[in-house]
Amino acid sequence: MALLTIEKKPTVDVLPAAQREAILADPGFGRHFTDHMVTITWTEGRGWHDGRLVPFGPLSLHPAANVLHYAQEVFEGLKAYRLPDGTTALFRPETNARRFQHSARRMAMPELPVTTFLQACEAHLRQDHAWVPEHGTEKSLYLRPFMVGTEPGLGMRPAAEYLFALIASPAAAYFAGDVEPLSIWVCEDRVRAVSGGVGDAKTGGNYAASLLAQTEAAARGCDQVAYLDAVEHRWVEELGAMNLFFVYEGRAGEPPTIVTPPLTGSLLAGVTRDSVLTLARELGWDTREAPVSVDQWQADAAEGTLTEVFACGTAAVLTPVGVVKRAGAEWTQGDGAPGRVTLKLRRMLLDIQRGLAGDRHGWVHRVR
Ligand SMILES: *Cc1c(COP(=O)(O)O)cnc(C)c1O
């Protein structure tokens, strides 16, 4: 597949180094953006064209653009890290590129070739490499590729024009304190996604649909919502933007068992989820993709057999669950502190991402 040309029109007006360093000292999450962005256009008949690396700035959209009314939108999230030798690396970007295609297919949008997705990430990182935080911190540069239907018109059909864009934002640890355990509200009335729907696509509407439940959880003092399946309201699926794992520590000398809900079509196939399953299998641990009911969760936690629960995703890496609340019940997971298995897997993953441990799977994609 021929490479798309990405024409470079860099800004003459980059943020002064001192200001950039001040932002990198305390970047938060998703609050600051780098100097440039990449845009690529798709039109029916012509396909992908007009790749550009341009100064970061507002997009101009027709008020009748498809995305503003019928929400043809998909996105991705991946991180760039600084390796010990100073080079920048992305973690498993091809997996994000393929998932971007999967999401686009589900939303009746054109698929961006994997090579073009990688080209866009690399062109951006080569230009804005100074925004990748130094090695030795848990900071990173979060890349946010997205695509929207731009064709004007209120007719209800897939757009004939799309804009792909990639922006980037420096990121501290996603949650304050990072390994600070999360409190979870198990939502038994509102649902996030239904099998046959779009829950396994990274499309904006899923997140809009989750905001009300998230607000209600916050009012109950919880950080995040755990969603159940939409049919029986019984089986645990995932959080708003993270997959869930349940850890059963083995008896003396036995390896732990880790369980995560299967990919039924209503939850997102996380790259972190897949990486955790792979690492745990290699450690010789028993890994299972099996349904877990909320009643089982509560009972096993009470009995003490369920020793740890953690959430995982690119933004937050691995984060332990501390307190769980549902209508009429509340419990503390283990002693409420981060568990051994969670911390071990988290460390292994961070060490691979940051180039501190061997990369047996070709997960670390260096950008030269
Ligand atoms: C992005 C996302 C995840 C995590 O996926 P990663 O590839 O690990 O970042 C999990 N659930 C939802 C709903 C998501 O949007």
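Colleague: Why is R346 called buried?

Modeller: R346 has a relative accessibility of 6%. Buried means under 20% relative accessible area, exposed means over 50%, and partly exposed lies in between (1.4 Å probe, protein chains only). The value of 6% falls under the buried limit, so R346 counts as buried. Before we go on, this is a predicted model, where local features need pLDDT of at least 70 and side-chain atom pairs count only at pLDDT 80 or more, while totals for chains, interfaces and linings use all residues. Residues are numbered from 1 along each chain as its sequence is written, and side-chain values use heavy atoms, with hydrogens and water left out.

Colleague: Where does R346 sit, and what makes its link to E138 a polar contact?

Modeller: R346 belongs to helix α8. Helices (H or I, at least four residues) and strands (E, at least two) are DSSP runs, numbered from the N terminus. The side chains of R346 and E138 come together at 2.9 Å. A polar contact is a pair of N or O atoms within 3.5 Å; within protein, one must be able to donate a hydrogen and the other to accept it, and residues adjacent in sequence count only if both atoms are side-chain atoms. The 2.9 Å between R346 and E138 is within that limit, so this pair qualifies.

Colleague: Let's stay with α8. How do you know what angle it makes with α6, and what is that arrangement called?

Modeller: Helix α6 covers residues 271-282 and helix α8 covers residues 340-353; their axes come within 10 Å and cross at roughly 110°. Axes are lines fitted to C-alpha atoms, for helices over the stretch in contact, and angles run from 0 to 180 degrees between N-to-C directions. Under 35 degrees is roughly parallel, over 145 roughly antiparallel, 65 to 115 roughly perpendicular, and the rest oblique. A crossing of roughly 110° falls in the 65 to 115 range, and therefore α6 and α8 are roughly perpendicular to each other.

Colleague: Which residues meet there, and how do they divide into types?

Modeller: From α6 come T272, S275, V276, L279 and A280, and they meet L345, M348, L349 and I352 of α8. Here, contact means heavy atoms within 4.5 Å. These residues divide into seven nonpolar, two polar and no charged. Ala, Val, Leu, Ile, Met, Phe, Trp, Tyr, Cys and Pro count as nonpolar, Asp, Glu, Lys and Arg as charged, and the others, Gly among them, as polar.

Colleague: How do you know how many disulfides there are?

Modeller: A disulfide is a pair of cysteine sulfur atoms within 2.5 Å, and by this rule the count is zero. For C187, the nearest cysteine sulfur belongs to C222, 11 Å away, and C187 is in no disulfide. With 2% relative accessibility, C187 counts as buried. C121, at 0%, counts as buried too.

Colleague: Now the loop between α4 and β7. Are A130 and W131 buried, partly exposed or exposed?

Modeller: A130 lies in the loop between α4 (114-127) and β7 (140-149), and its 27% relative accessibility makes it partly exposed. W131 is in the loop between α4 and β7 as well, but at 1% W131 is buried.

Colleague: What does W131 touch?

Modeller: Leaving aside neighbours within four places in sequence, W131 is in contact with residues including L15, R20, I23, L24 and F33.

Colleague: What makes L154 exposed, and which residues does it contact?

Modeller: L154 has a relative accessible area of 53%, so it is exposed. Its place is in the loop between β7 and β8 (161-171). Beyond its neighbours within four places in sequence, L154 contacts A64, H69 and Y70. The C-alpha atoms of L154 and N66 are 7.2 Å apart, although 88 residues separate them along the chain.

Colleague: Last one: what is phi for R92 and for A108?

Modeller: R92, a residue other than glycine, has a positive phi near 50°. R92 lies in the loop between β6 (88-91) and α3 (93-106), and its relative accessible area of 9% makes it buried. A108 is not a glycine either, and its phi is positive at about 55°. A108 sits in the loop between α3 and α4; its 44% makes it partly exposed.
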